[in-house]
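Welcome! Here is a short briefing to read alongside the sequence and the model.

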Amino acid sequence: MIRSFYALALLLLSGLSSCVSTKDISYLQDSDYSSTQAKAVTNERQEYKLATNDVLNITVQSAQPELTQVFNLNTGQGTFINGDPGSQYTNGYVIDAGGNIMLPTAGRLMVKGLTVTEAQRVIQNAVNNYVRGATASVKLVSFKITVLGEVRNPGYFFIQNPQATILEALGLAGDLTPLGNRRNVKLIRQTPTGSEVVLLDLTRPNLLSSPYFYLQPNDAVYVEPESALTQRANINNLSIVFAGLTTIAVIANLILSANK
């Protein structure tokens, strides 16, 4: 009786503590990849359209700095390079609820729905009306993403690269832990009508051609744990249960032996 009980317990424990195979943790698995010839993947990135609460860093330069100083809110570039979130709103132009920025002297400029390049043209034209020979440079500095779940360093990150990818986001978060589910990564994206959620499989090569491969500001990435993580976490609790059942089985066996 006791031997049968232990055999059942070991069977259950072996099933619960199943190992994670290489196929579950390797990214972009494709037998067509070669060390001698690169495999091209087409994925045209959609340019981001500016939205309410985005922050722009606008720098205007000319041969007469005293004429362009009024446009330059940030006196030093270090705050933007370091990604200090507080300084961005202090030293940047925030797009208001109406989709406008307030440029000194030039007044309100509509930039919502434009790409950064298109917004730069609008701002450049406005500056030309007041300063000859000036050059306006525009950068989006509110490109923030959040990475949560089974990664080594979860948190939010400011992106300097306007073409950031899902792999870059995971790299900033220190990559997935060994028990992160690479086949079921959730990407949550804000849209004008609410939020949308898409599941990404990091092990599939078609990730490179997915429209969600490139990130957008305020994207959130959540890495679910592998089922093995939950199973292993329960082993300690199950061990206590099995210990109790073993004791009961021993007592029951002693009672049966005494009655024979």
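Helices (H or I, at least four residues) and strands (E, at least two) are DSSP runs, numbered from the N terminus. Please keep in mind that this is a predicted model, where local features need pLDDT of at least 70, side-chain atom pairs count only at pLDDT 80 or more, and totals for chains, interfaces and linings use all residues. Residues are numbered from 1 along each chain as its sequence is written, and side-chain values use heavy atoms, with hydrogens and water left out.

**The protein overall**
- The protein has 7 helices and 10 strands.
- Of its 260 residues, 33% count as buried, meaning under 20% relative accessible area, while exposed means over 50% and partly exposed lies in between (1.4 Å probe, protein chains only).

**An open sheet**
- In the order β7-β6-β10-β8-β9, 5 strands make an open sheet with mixed pairing; two strands pair if DSSP finds at least two bridges between them.
- At the edges lie β7 (155–158) and β9 (194–200), each pairing on one side only.
- Strands β6 (residues 144–149) and β10 (residues 220–225) run parallel and are joined by 4 bridges.
- T146 has A220 in β10 as its bridge partner.

**A look at Q61**
- Q61 sits in strand β1 (residues 55–61).
- With a relative accessible area of 56%, Q61 is exposed.
- Beyond its neighbours within four places in sequence, Q61 is in contact (heavy atoms within 4.5 Å) with T68, G133, A134 and T135.
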